[in-house]
Amino acid sequence: MEVKTSLLDNMIGVGDMVLLEPLSEDSFLGNLKKRFDHSEIYTYIGSVVISMNPYRSLPIYTPEKVEEYRNRNFYELSPHIYALADEAYRSLRDQDKDQCILITGESGAGKTEASKLVMSYVAAVCGKGHEVNKVKEQLLQSNPVLEAFGNAKTVRNDNSSRFGKYMDIEFDFKGDPLGGVISNYLLEKSRVVKQPRGERNFHVFYQLLSGASDDTLRKLKLDRDFSKYNYLSLDSAVVSGLDDAANFRTVRNAMQIVGFMEDEVQSVLELVAAVLKLGNIEFKPESRCNGTDESRVKDKNDLKEMCELLGMEQSVLERAFSYRTVEAKMEKVSTTLNVAQAYYARDALAKNLYSRLFSWLVTRINESIQAQTKARHKVMGVLDIYGFEIFENGDNSFEQFIINYCNEKLQQIFIELTLREEQEEYVREGIEWTNIEYFNNAIICDLIENNQNGILAMLDEECLRPGTVTDETFLDKLNTICADHQHFESRLNKNSKFLNDHSLPHNCFRIQHYAGKVLYRVEGFVDKNNDLLYRDLSQAMYKANHSLIKQLFPEGNPAKVNLKRPPTAGFQFRASVGTLMRNLQTKNPNYIRCIKPNDKKASHIFTDSLVRHQVRYLGLMENVRVRRAGYAFRQPYEPCLERYKMLCKRTWPHWKGPAREGVEVLMADLQIPAEEISYGRSKIFIRNPRTLFFLEEKRKQCLQDLATLIQKIYRGWKCRTHFLLMKKSQIVVAAWYRRYAQQKTYRNIKSATTVVQSYTRGWQARKLLRELKYQKRCEEAVTTIAAFWHGTQVRREYRKFFRANAGKKIYDFTIQRIIQKYFLGLKSSMPSMSPIDRKWPARPYGFLDGVHTELRKIFHHWRCKKYRDQFTEEKKAVYEEKLEASEIFKDKKALYPSSVSQPFKGDYLEISKNPKYQKLNSAVDEKVLLADVVNKINRANGKGTPRIFLLTKKNFVLADQKTGQVKASIPLPDVTSMSVSTQKDGFFALKLKEGSASAVKGDFLLSSEHLIEIITKLHRIGATAADREKLKVDISDEFLVQFKQDKVCVKFIQSSPKNGNSVSCKRKNNRLLEVSVPTSP
Ligand SMILES: Nc1ncnc2c1ncn2[C@@H]1O[C@H](COP(=O)(O)OP(=O)(O)O)[C@@H](O)[C@H]1O
Ligand SMILES: [Mg+2]
């Protein structure tokens, strides 16, 4: 919903002066001041906007503000220039009404700024697009160009427009800008040649000198130094906050955008330069023979340069400064000019040059910005013109007179249009027209502009009159003609009432303008009205070879010599004001009244007297009065009802019927007196602001109550909804919580139940088990008891049938049977008769254990006896020998096991049968028990020598193997012992009794393959001989052998089979003989 606001909301003071109660100048000023102090620089008088210059930038011109004011009703928001611009633009666009915006105010009051704000607002809200933007840009850029040439720094305003400007902006039916037309009024050209103290010439001079490039300046024959130019006053050449150089670039750029050609710009600059040069031309008097002084150019350099710039002949111009041609009745009379006249001519030329250049610029800009289409268009005119100008010290001159005349006209148009509008509205609304009393200034306008006896007409008359014409003669004329006019005052008036008025000097007249009395000094009126430029000068200018100059001085064309005087300045101005007024009258006016709060260009200072003065001469009080003459306030029914409906129960909150009836009911209810209000067709008219404020006050109170009510209801609603929401949430939370709690208890109960159940079932099961087990045991016990009982019964019954020993008999019989069976089995499984058979049947019963072993032993003995019984005597002896060998060597010598299977042959050499040993056989007388070849070990080196070894019952013999020659024969009793090793070797030592004859050569160390047999036999012989002891056999790996005197130790060591398989014997040293025996694999 769009928020409906009103101007009346949040008002500081009153936003619309029409509503001021009571209305007086003081309250008016008080209201302005109050608003100004709160930075509210805009105030309305109805639809007129009063604008106070804030002299500082306020944040109220932002794009957001533009949006805020866009398409809003005028009174909807607080007063603003945008509201006025919007209203004007919308009624132009939507209602097809041409508009004009009239901006007035004293210099420095903010008119130009206001006109720019209006233009920028319109530019912001109107259509967009490439073409439209270009037009907008051109329209906006015309400002800097005109400001450079038409504005100057004055004491009141650093950027004061020194011309009046009216600009028509043309729009198409959609409201898009098409182009524009600018009109200029009354450029203050006197400024070109002379500036008051503290003021400057037009900006363009300073901009050119500080901003142009060195090159440009050289071309224009200018110097950057301001002080070199007479026309540039020095005291305020530099203005703080104004960057002339930068502005020059802005102006050049703007000229380019507006559409100036490069050569046109150049020409314009040349003219500006020419004006500066012109100012430097000085004159000196030269006496003539007739006693008069004639002027001569002092230093011709500037003249020369100026002529070069403008393409003129120097002599022509020089002459024009010295002579003046007056034409009268086809006759040319040439008179000389004195120095003062020459200066006057020079300045007149400079002023004319500059003002014509300015007019040309305006025309040129118009050419560029004029609408391209011929289609019908709507127009919005913006008038930025001086407001009333009153210099307090009575320094008002022709310019002020002209300006004030213009303002008088504007006031008239304001009155006319306002009243007309008012009247039209009354008619439209069907309200009876009551005559409005107001001051009509038509009479003052008439005083000035009346064709017969108006002041301007008389001035023209005076100027054209032949004879001596001075300002005084003009004043005299006024004194006679306007004497009776109510608004004209003069000391020398026929009307004697001013005779003693000392505030009215003799050379002055005073006009009672609608805005106040103004005292004009008559001096200069005639001259200024004449605005004379000597024809010689214009002709000289026309001769210049410079296209622009030629255009500017068309009257210099000798072909068109016009003897008629050119129109006077007053006449021209009256004509243009007339055109303007006619133009404005066709348009819907919108007023902006600018007020300057202080003379110091300072923000926040409100000088009461200054503002009061402006309020007076701007006729603002008049404005208010005219506005209030009828009804002070009016408003369409709908917004009125909307705004005040809360004041009556019947219209609040909704009124069903038509708005008008609603308002009527409302007003009746509020008991507003009937004369205070009128009901139009669509609007209600309120006569007095008091009534409106009464309504507003009521509304304010009511709004507070309503606000409280709304607040109350809203709070109630808010709390209720909040409560309901909480309640709903609480239920949800509770439900969830309860569910959760129930689930938890259920789970607990369930698990508890399961536990209890399991215990119970366990207990029941165990009980059942116990019962079953008990039952089973009972059954078993019963069975056992029954079995025993039956057994006892049976035994008791059958006891009488058994004998007392029947058991023993059965037992014996059984045993007999078992033994019988045992023997029979043994018979059939007897082992072989071989004594070495170790087999024997297994024992069938444990109790036969002893018998079984005994039987085996008996059988074995029997079997051995049987075996022995079959032996012969020799065989028996052989076995005895073998038995003895076993007793000696078994488990003692390693050689023994290999000898068991070898039969002891005894005579290996078959000595008795072999003839070779015949002699040897005969050498022994006893039967040979053993004959064999042995190795006799050499004592020195351990090497063996083969010898035949013979053994008999009484001795043993060693003989040479080849020859059979007996080497030694030793009787057995000389042998004391025998030594052998534990190993597999065949070495043996025969130790001889010490001291015996045989022992001379020492003991014998021999080796034989049949060692076991030899030793056994030697041992048997010893055993059988009754006269001796048995020969001792030493079995040891180390023994001593007596060799001659020495005892040598024979040591047996085991060697690895690698070193050969044979036994080797080595003499290690004197006392050691080492025999190495290979270990059997
Ligand atoms: N609305 C405004 N906001 C801020 N400053 C302003 C405003 N109007 C005027 N001024 C200041 O006042 C100076 C004079 O304003 P200007 O429009 O040139 O006066 P005028 O055209 O009436 O002589 C401006 O240069 C500017 O500094
Ligand atoms: Mg201005």
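This is a predicted model: local features need pLDDT of at least 70, side-chain atom pairs count only at pLDDT 80 or more; totals for chains, interfaces and linings use all residues.
Colleague: Is Ser 977 buried or exposed?

Modeller: Ser 977 has its place in strand S24, residues 975–980. A residue is called buried when its relative accessible area is under 20%. The relative accessibility of Ser 977 is 10%, so Ser 977 counts as buried.

Colleague: How does the radius of gyration of the chain compare with the globule rule, and what does that say about how spread out the chain is?

Modeller: The chain's secondary structure comes to 32 helices and 31 strands. For 1081 residues the globule rule gives 31 Å, and the radius of gyration is well over that, so the chain is more spread out than a compact globule. Along the principal axes, the C-alpha trace spans about 225 × 110 × 50 Å. The radius of gyration itself is 83 Å.

Colleague: What share of the residues of the chain count as buried?

Modeller: The chain exposes about 57,200 Å², and carbon and sulfur atoms supply 53% of that area. Of the 1081 residues, the share that count as buried is 47%.

Colleague: What is the order of the strands in the open sheet of seven strands?

Modeller: The edge strands are S1 (42–45) and S7 (177–185), each pairing on one side only. Neighbouring strands are turned by 20° against each other on average, direction ignored. The pairing in the sheet is mixed, and the order is S1-S2-S16-S3-S12-S6-S7.

Colleague: In which sense does S12 pair with S3, and in which sense does S12 run against S6?

Modeller: Strands of a sheet pair through backbone hydrogen bonds, either parallel or antiparallel. Five bridges link S3 and S12, and Leu 102 has Leu 383 in S12 as its bridge partner. Seven bridges join S6 to S12, where the bridge partner of Ile 169 is Met 380. The sense is parallel for S3 and S12, and S6 and S12 run antiparallel.

Colleague: Which residues of S12 are buried on each side?

Modeller: Seven of the seven residues of S12 are buried, which leaves the strand mostly covered. Both faces are covered. One side has Lys 378, Met 380, Val 382 and Asp 384, and the other has Val 379, Gly 381 and Leu 383.

Colleague: What is the bridge partner of Met 52 in S16?

Modeller: Strand S2 (residues 48–52) pairs with strand S16 (residues 588–595) in the parallel sense, over four bridges. In S16, the partner of Met 52 is Ile 595.

Colleague: At what angle does helix H4 run to S3?

Modeller: Helix H4 covers residues 111–125. The helix lies across S1, S3, S6, S12 and S16. Its angle to S3 is about 155°.

Colleague: How many residues apart in sequence are the parts that the pair at the magnesium ion ties together?

Modeller: The magnesium ion (ligand 2) is coordinated by Thr 112 through OG1 and Ser 161 through OG, at 1.9 to 2.0 Å. Thr 112 is buried at a relative accessible area of 15%, and Ser 161 counts as buried at 13%. Thr 112 lies in helix H4 and Ser 161 in strand S5 (residues 160–161), so the pair ties together parts whose separation in residues is 49.

Notes
Residues are numbered from 1 along each chain as its sequence is written. Chains are lettered from A and ligands numbered from 1 in the order in which they are written. Side-chain values use heavy atoms; hydrogens and water are left out. Two strands pair if DSSP finds at least two bridges between them. Helices (H or I, at least four residues) and strands (E, at least two) are DSSP runs, numbered from the N terminus. Axes are lines fitted to C-alpha atoms, for helices over the stretch in contact, and angles run from 0 to 180 degrees between N-to-C directions. Contact means heavy atoms within 4.5 Å. The radius of gyration is taken over C-alpha atoms; the globule rule is 2.2 Å times the number of residues to the power 0.38. Buried means under 20% relative accessible area, exposed over 50%, partly exposed in between (1.4 Å probe, protein chains only). Accessible areas come from the Shrake-Rupley method with a 1.4 Å probe; for residues, only the protein chains shown count as cover. Donors are N, O and S atoms within 2.8 Å of the metal (3.2 Å for Na, K and Ca); water is not among the atoms, so sites may look incomplete.
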